[in-house]
Protein chains: 2
Amino acid sequence: MLHPGTHQPLNPSDLAPLFPDELIRQELTEERFIDIPDEVRDVYELWRPTPLIRAKRLEKLLGTPAKIYYKYEGTSPAGSHKGNTAVPQAWYNAAAGVKNVVTETGAGQWGSALSFASTLFGLNCEVWQVRASYDQKPYRRLMMETWGAKVHPSPSDVTEAGRRLLAADPSSPGSLGMAISEAVEVAATNADTKYCLGSVLNHVLLHQTVIGEECLEQLAAIGDTPDVVIGCTGGGSNFGGLAFPFMREKLAGRMNPQFKAVEPAACPTLTKGVYAYDYGDTAGLTPLMKMHTLGHDFVPDPIHAGGLRYHGMAPLISHVYELGFMEAMSIQQTECFEAALQFARTEGIIPAPEPTHAIAAAIREALECKRTGEEKVILIAMCGHGHFDLAAYDRYLRGDMIDLSHSAEKLKESLGAIPKV
Amino acid sequence: MLHPGTHQPLNPSDLAPLFPDELIRQELTEERFIDIPDEVRDVYELWRPTPLIRAKRLEKLLGTPAKIYYKYEGTSPAGSHKGNTAVPQAWYNAAAGVKNVVTETGAGQWGSALSFASTLFGLNCEVWQVRASYDQKPYRRLMMETWGAKVHPSPSDVTEAGRRLLAADPSSPGSLGMAISEAVEVAATNADTKYCLGSVLNHVLLHQTVIGEECLEQLAAIGDTPDVVIGCTGGGSNFGGLAFPFMREKLAGRMNPQFKAVEPAACPTLTKGVYAYDYGDTAGLTPLMKMHTLGHDFVPDPIHAGGLRYHGMAPLISHVYELGFMEAMSIQQTECFEAALQFARTEGIIPAPEPTHAIAAAIREALECKRTGEEKVILIAMCGHGHFDLAAYDRYLRGDMIDLSHSAEKLKESLGAIPKV
């Protein structure tokens with residue numbers, strides 16, 4: 001990481017206003033394994049281990065010789081994989097004597113996971129939610145409030161960054177990058193307040209590997225190994241959480257899966273971004289990270305998969321992508337929802353808009369197996385349920401959903417604004 | 001059961017227009033155990049066994065010496081215990097060659113569970129949803145449509161019963177009793193269509209005992225036996241599903257729990273109803289059942305726990321209540337939501353409005369243990385999550401929720417309309 005002011009390599013102590021020491025240590029560690037504290041395991045027991053399910057009815061519908069498995073994270077109280085990192089983040093903050101945590105959220109999966117985790121450990125939680133989602137999806141906000149969190153629409157008038165953004169555009173719909181600027185500002189300027197991030201950072205991806213570690217054991221018990229591991233990528237934590245333990249096994253020669261990241265056509269960070277140092281937020285308050293980025297002021301079109309609307313990609317995912325350990329592709333949202341309906345009507349679980357991208361890619365793969373006769377084992381990261389996204393399904397069912405791509409001109413502009421370091 | 005026209009004991013064949021043979025057999029069986037078909041087990045694997053969780057953080061908040069456990073059914077795809085009977089009902093219908101199933105739903109838990117189960121077995125599903133809920137909670141309807149069901153607001157103009165009700169009151173908000181009349185009429189008049197019910201009947205409670213059977217094994221593995229088993233009662237299937245296997249164990253002398261049913265003050269079927277033969281629906285199309293009832297045309301005030309707004313009680317529950325095997329109590333909804341908030345903010349799971357009644361009663365019990373020093377083991381039936389009920393939480397948090405009781409006059413009238421047989 002580089003310091004946002006000097007562009008010089010960051011000193012770990014520069015992160016101290018934002019994170020407790022243990023999370024800074026985990027962010028920078030070179031250890032391969034870090035034990036999960038008992039207090040975190042105790043909460044994980046509410047929903048872990050999560051089910052690994054063979055999609056037999058979907059296989060039958062497709063008429064494919066492939067075996068399709070999905071690792072389903074939607075049984076967590078807030079409904080997605082985000083709880084896997086919200087709980088340890090809340091715990092390490094509480095253990096360090098922190099009283100308040102702040103964060104940003106888009107559609108609300110991350111904000112609700114952190115609200116859930118915070119109340120269990122007696123932390124106050126404040127969330128800046130992208131205004132478009134705050135207005136359109138009141139139920140995620142009500143969920144956070146039920147858990148005792150305070151939720152602001154972003155841009156808000158309670159931060160300097162928010163006021164500047166509102167002055168420039170009073171009706172701004174907000175973005176994840178803007179909301180991060182607001183939450184980081186509050187943490188940086190209040191001694192008893194720390195910041196939590198729901199993806200991108202090393203310690204977040206580390207916490208999420210509980211998914212892949214569990215899944216390795218579950219598949220071993222069945223006696224299968226995957227030929228393809230597929231996950232959607234926004235910031236990268238869901239994909240990395242499932243894929244990294246399998247990558248370790250591949251590098252050790254114990255299996256040989258392909259890895260496929262699927263991003264929305266409206267926010268194609270890996271497939272159309274550049275690999276460069278860039279800010280994690282719009283205002284340039286966060287450290288610069290070496291990552292695939294569309295530019296820190298890229299504002300993606302309003303697709304339903306709000307959790308995938310982020311300009312950057314986790315440095316760890318970016319790194320392994322550069323090393324050629326994985327592939328990436330982008331898919332339009334109507335294909336994703338068509339796949340989601342096939343999935344919901346055979347498997348019985350209604351996916352969040354984000355993992356519909358992984359499901360669509362898996363269906364492509366399974367149909368290719370039907371053509372070739374290959375009996376591949378396909379593993380899908382099914383990172384959450386769509387209980388708060390049924391308005392998107394309604395639009396699809398009524399034929400109102402349209403595909404959204406990025407504008408080439410907008411992308412050129414935002415790529416041009418990436419700092420030269 | 002008595003025939004609705006003649007008031008004479010029903011012949012099993014009288015039920016044939018409504019149910020497939022195997023479900024009629026189960027309704028009338030004297031066998032103690034019936035095997036779960038492999039096809040049903042296969043779907044149950046999506047979410048069963050459900051977790052049995054010790055509410056350690058709630059115990060700590062209350063400062064009680066009691067141990068509180070809850071059996072949580074909210075991990076099912078439709079979010080409640082209703083899937084336990086929706087899946088076998090759909091399966092037995094599909095196995096009998098039925099093409100279409102119809103049902104009613106209030107808040108939507110049952111309708112969504114049957115929509116889910118129907119799509120897995122290739123059945124068409126049509127649901128009559130109480131109009132007040134259809135209008136106020138579009139997300140449950142969208143969930144049913146996502147699974148491919150067709151949803152009508154009830155009263156509707158597509159049935160004779162609905163048209164009669166609309167003629168009497170064009171702006172009727174509907175009720176479960178009215179919606180049952182509509183669905184039963186459609187099944188009775190279409191040869192390829194059967195009716196499914198989400199509670200009350202013997203075969204429904206039988207299917208739900210999977211909850212209690214599982215829970216007995218889970219508690220045995222921990223080494224605890226319950227002193228009190230608490231569940232909410234609307235039609236009785238959630239309570240019976242958990243409690244009946246424990247009642248068997250009590251009668252066999254292997255444990256000695258108390259059983260407490262909790263109903264809403266607005267619909268106090270066990271505590272204020274009479275034990276008599278009454279219709280299951282408003283129009284008098286269903287057989288008469290010997291049950292506790294407030295009268296088949298009793299319309300409960302619009303409390304948030306839509307699933308508990310039913311005038312009758314399962315004959316099996318009514319029977320054991322008369323035998324003195326269980327107790328009943330009623331609680332107002334603001335106390336229930338206060339309890340729900342305490343639960344959500346310590347345990348991390350947001351309950352549906354229905355099980356908040358059981359949680360409120362369990363908290364009363366735990367606080368009584370605090371007073372007396374008793375270390376009771378309390379077991380709660382936590383039958384579903386509140387993802388689609390956050391507007392109710394919002395009302396409570398804003399101080400807008402009011403208590404609703406039944407009107408003594410209205411009750412006197414509806415009790416007077418119970419047929420004399």
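I started with the rings: Y44(A), W47(A), F116(A) and W147(A) make up one aromatic cluster. My pairing rule takes rings of Phe, Tyr and Trp (its six-membered ring) with centres within 6.5 Å; planes under 30 degrees apart are stacked, over 60 edge-to-face, the rest tilted.

Housekeeping: this is a predicted model, so local features need pLDDT of at least 70 and side-chain atom pairs pLDDT 80 or more, while totals for chains, interfaces and linings use all residues. Residues are numbered from 1 along each chain as its sequence is written, chains are lettered from A and ligands numbered from 1 in the order written, and side-chain values use heavy atoms, leaving out hydrogens and water.

I searched the whole structure and got 17 aromatic pairs over all chains. W47(B) is in the loop between α2 and β1 of chain B and F116(B) in helix α5 of chain B, 69 residues apart. The cut-offs are under 20% relative accessible area for buried, over 50% for exposed and partly exposed in between, with a 1.4 Å probe and protein chains only.

Next I checked charges over rings (NZ of Lys or CZ of Arg within 6 Å of the ring centre and within 35 degrees of the ring normal). The charged end of R141(A) sits over the ring of Y134(A), 5.2 Å from its centre. In chain B, R141(B) lies over the face of Y134(B), at 5.2 Å from the ring centre.

Then the sheet. I read an open one of four strands in chain B, order β5-β4-β3-β6, with parallel pairing; strands pair if DSSP finds at least two bridges between them. β5 and β6 of chain B are at the edges with a single partner strand each, so one side of each has no neighbour in the sheet. Five bridges join β4(B) to β5(B), and E126(B) has K150(B) as its bridge partner.

Last, M255(A), in the loop between α11 and β8 of chain A. I noted 13% relative accessibility, so M255(A) is buried. Its C-alpha is 8.3 Å from that of D227(A), 28 residues apart along the chain.

Technical notes: Helix = DSSP H or I, 4+ residues; strand = E, 2+ residues; numbered from the N terminus.
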